[in-house]
Amino acid sequence: MTDVTSLADLSLLPVPEAGDATARTQAESGDAVGEQRNRAVEAILSAVQGGESILLVAHVDPDGDSLGSAIALGLALRTLGSRASVSFDSDPFVVPRSLTFLPGQDLLVPPALVPATPDLVVTLDAGSLGRLGALGRVATRARRMVVIDHHASNTRFGDINVIDADAASTSVMITDVIDALGVELDHDLAVAIYTGLVTDTGSFRYAATTPAVHQLAARLLATGIRHDLITRTVWDTHRFGYLRLLGELLGRARLEPEHDLVWTWCAFPDLTRAGLTLDEIEGVIDIVRTTAEAEVAVVCKQGADEVWRVSVRSKGAVDVGAVCTELGGGGHRFAAGLTSSNPLEQTLDSLRDALVRAPRLPV
Ligand code: AMP
Ligand code: MN
Ligand code: MN
């Protein structure tokens with residue numbers, strides 16, 4: 001029988017009242033974000049007006065939010081007459097299969113061909129310099145660096161840092177920048193922004209999905225985008241080899257009640273045998289994390305470089321963003337990650353240790 005107690009509890013969740021301490025803190029931090037955003041918009045406009053070189057950088061192995069945000073800003077700058085380039089570090093330099101529908105791909109420039117010392121670099125959805133990979137070096141050589149991001153763990157590595165941990169996606173923040181630049185939201189901009197929104201809200205299911213998020217979605221839909229096709233391509237399309245591999249990865253998943261943990265792994269040979277690439281197994285964590293008996297879910301994915309990319313999710317009782325930051329990674333409170341060059345068991349052991357030590361949050 002289903003235990004409905006926890007569902008009944010939902011109605012008891014406190015709703016912050018306007019004017020209480022929580023609301024005030026958010027308003028103050030909102031002002032600080034607005035001030036940084038104004039500075040960022042000024043820096044961007046001055047670079048456009050001065051005909052300066054502008055480079056927009058998404059994080060390594062980009063997802064729909066980082067690439068969608070970078071492309072949206074690139075398209076907006078093109079409308080203003082700038083030839084901004086968009087780049088990211090990925091080996092090989094290819095757009096993930098699920099994002100090949102994104103408009104504006106002619107803006108893409110491989111890392112080897114970006115300006116060596118750009119006048120302005122804007123980084124999108126990257127919580128630290130390390131998340132830019134090899135492009136981190138280019139970013140530090142830029143005359144000016146603007147960081148636009150929504151990770152609580154952001155290290156504020158730019159000259160101007162627009163960081164809003166409450167934003168549902170970086171693409172929401174980019175919409176505010178584009179509005180401030182005075183560029184009209186057209187169909188292509190809407191596709192790029194919506195892609196970031198649908199990626200990071202898990203199709204409008206996660207807690208960051210506020211009324212404002214739905215209002216933005218309505219505004220984007222009004223441009224005539226095929227949101228059904230975007231969602232199907234981003235979330236619901238896989239090559240047949242994925243089904244087989246998914247069966248294997250789920251079949252070997254391990255439940256560790258003593259650590260309140262469920263986890264599985266995909267070694268690089270598993271991936272190549274299935275004829276797939278890393279970006280194609282991003283969704284495995286979304287199935288593993290549905291396990292009712294575990295608070296924390298983990299999927300370890302090994303790349304051609306033998307490095308493990310570890311995806312970590314929690315249901316709300318553990319700040320896995322803090323746990324991953326402690327282990328050299330980062331992310332959001334309940335969706336985070338890290339990389340590890342250690343063997344799988346060792347990687348898991350440090351994660352188990354950190355999880356056991358992590359304080360339990362009220363849910
Ligand atoms: P993923 O599991 O790859 O979907 O990532 C979940 C979240 O954690 C995203 O917001 C990522 O930006 C962040 N993240 C993943 N891997 C790392 C890492 N190695 N370092 C910092 N942040 C990461
Ligand atoms: Mn991202
Ligand atoms: Mn994001």
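**Notes on the model**

1. Sorted by class, the residues forming the shell around ligand 1 are three nonpolar, eight polar and two charged; here Ala, Val, Leu, Ile, Met, Phe, Trp, Tyr, Cys and Pro count as nonpolar, Asp, Glu, Lys and Arg as charged, and the others, Gly among them, as polar. This is a predicted model, in which local features need pLDDT of at least 70 and side-chain atom pairs count only at pLDDT 80 or more, while totals for chains, interfaces and linings use all residues. Residues are numbered from 1 along each chain as its sequence is written, chains are lettered from A and ligands numbered from 1 in the order in which they are written, and side-chain values use heavy atoms, with hydrogens and water left out.

2. Which residues come nearest to ligand 1? Of the 13 residues around the ligand, they are Arg131, His151, Ser311, Arg313 and Gly330, where a residue is near a molecule or strand if one of its heavy atoms lies within 4 Å of it. Strands β9 (308-314), β10 (330-331) and β11 (335-340) each supply at least two residues of this shell, and β11 gives the most, with five residues. Helices (H or I, at least four residues) and strands (E, at least two) are DSSP runs, numbered from the N terminus.

3. Polar contacts, meaning pairs of N or O atoms within 3.5 Å (within protein, one must be able to donate a hydrogen and the other to accept it, and residues adjacent in sequence count only if both atoms are side-chain atoms), can be listed for the ligand. A polar side-chain atom of Arg313 is 2.9 Å from an oxygen atom of ligand 1, a polar side-chain atom of His332 is 3.4 Å from an oxygen atom of the ligand, and Gly337 places a backbone N or O atom 3.3 Å from an oxygen atom of ligand 1. Taken alone, ligand 1 exposes 480 Å², of which the protein buries 79%; accessible areas come from the Shrake-Rupley method with a 1.4 Å probe, and for residues only the protein chains shown count as cover.

4. Strand β8 (residues 296-302) is largely enclosed by the rest of the structure, because seven of its seven residues are buried, that is, under 20% relative accessible area, with exposed meaning over 50% and partly exposed in between (1.4 Å probe, protein chains only). Val296, Val298, Cys300 and Gln302 point one way from β8, whereas Ala297, Val299 and Lys301 point the other way, and all are buried.

5. On pairing, which requires that DSSP finds at least two bridges between two strands, β8 has two partners to examine in turn. Strand β7 (residues 261-266) runs parallel to β8 and is joined to it by six bridges, with Lys301 of β8 as the bridge partner of Cys266. With β9 the sense is antiparallel, over seven bridges, and Val296 stands opposite Ser314 of β9. β8 and β9 form a hairpin with five residues between them, and Glu306 in the turn has a positive phi of about 70 degrees.

6. Is β1 enclosed or open to the outside? Five of the five residues of β1 are buried, so this strand is largely enclosed by the rest of the structure. Ile54, Leu56 and Ala58 point one way and Leu55 and Val57 the other. β1 pairs in the parallel sense with β3 over five bridges, where Ile54 stands opposite Leu120, and three bridges join β1 to β2, also in parallel, where Leu55 stands opposite Ser85.

7. Helix α3 (residues 64-79) has 16 residues and reaches 22 Å from its first C-alpha to its last, close to the 22 Å expected at 1.5 Å a residue, a span taken as 1.5 Å times one less than the number of residues. The helix is mostly covered, with 14 of its 16 residues buried, and just after α3, Gly81 takes a positive phi of about 95 degrees.

8. Some backbone details deserve a check. Most residues other than glycine have a negative phi, and most peptide bonds are trans. Asp61, in the loop between β1 (54-58) and α3, has a positive phi of about 40 degrees although it is not a glycine. Phe204, in the loop between α6 (187-200) and α7, has a positive phi near 65 degrees. A cis peptide bond, with omega about 0 degrees, joins Asp91 and Pro92, and Pro92 is found in the loop between β2 (85-87) and β3 (120-124).
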